[in-house]
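Here are some notes to read alongside the model. Please keep the sequence and the 3D view open while going through the points.

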Amino acid sequence: MAQLSDAACFAKPPDNLVLTTGNPAHSWEKWKRRFQIYLQATGASSKPGEQKVGLLLNHIGDQGIDIYYNFTFLGDRPDTTAIVADEASRPRLPAEDRKDYDLVIRKFDEQFTRRDPQLMLREKFWLHLQS
């Protein structure tokens, strides 16, 4: 089993991601920064993606785990952006891997930067009340 550095004993892991209060996109960005600092402090930033995804899921909390398991990871598929003479010669894109740390972070980023019309109306309402 892979070991983290001795600094892992002293590095404070981030608290669970809390999405019930405030702006979820802001909460995610703040949590992600803390998690990246934790990875650096423990020496885990150089570990394989599978281990980093495991650490992320271990620290993100129940809400984050639920979001992760609702992500869609695409399988092997044709590259529709390639210009080809016939369909048989069309190149294929590789399948997305649940263990790819950078991909998982991108999916969380997309999840929280997507603008929900209901959320925008609530935000506008609360900003109006504060002014």
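Which helices do the buried residues of H1 pack against?

1. The model is predicted. In it, the buried residues of H1 pack against helix H2 (49-60) and helix H4 (101-113).

2. Helix H1 covers residues 24-42, and at 1.5 Å a residue its 19 residues should span 27 Å. The C-alpha atoms at its ends are 26 Å apart, which agrees.

3. The buried residues of H1 are Pro-24, Ser-27, Trp-28, Trp-31, Lys-32, Phe-35, Tyr-38, Leu-39 and Thr-42. They cover an arc of only 130 degrees around the axis, so they sit on the same side of H1. The face turned away from that buried side carries the exposed residues Ile-37 and Gln-40.

4. At the start of H1, a side-chain oxygen of Asn-23 comes within 2.9 Å of the backbone nitrogen of Ala-25. Just after H1, Gly-43 has a positive phi of about 80 degrees.

5. The structure holds twelve aromatic pairs. In one of them, the ring centres of Phe-35 and Tyr-38 are 6.4 Å apart and the planes are at 35 degrees, so this pair is tilted. Both residues lie in helix H1, three residues apart, about one turn of the helix.

6. Tyr-68 and Tyr-69 form an edge-to-face pair, with 4.9 Å from centre to centre and 85 degrees between the planes. Tyr-68 is buried, with a relative accessible area of 4%, whereas Tyr-69 is exposed, at 53%.

7. Arg-98 lies over the face of Tyr-68, 5.1 Å from the ring centre. Lys-107 lies over the face of Phe-73, at 5.2 Å from the ring centre.

Note on methods. Residues numbered from 1 in each chain as written. Predicted model: local features only at pLDDT ≥ 70, side-chain atom pairs only at ≥ 80, totals over all residues. Heavy atoms only, no water. Helix = DSSP H or I, 4+ residues; strand = E, 2+ residues; numbered from the N terminus. Expected span 1.5 Å × (residues − 1). Buried < 20%, exposed > 50% of the residue type's maximum accessible area, 1.4 Å probe, protein only. Arc of directions from axis to C-beta. Contact = heavy atoms within 4.5 Å. Polar contact = N/O pair within 3.5 Å; in protein donor to acceptor, adjacent residues only side chain to side chain. Phe/Tyr/Trp six-rings, centres within 6.5 Å; stacked < 30°, edge-to-face > 60°. Lys NZ or Arg CZ within 6 Å of the ring centre and 35° of its normal.
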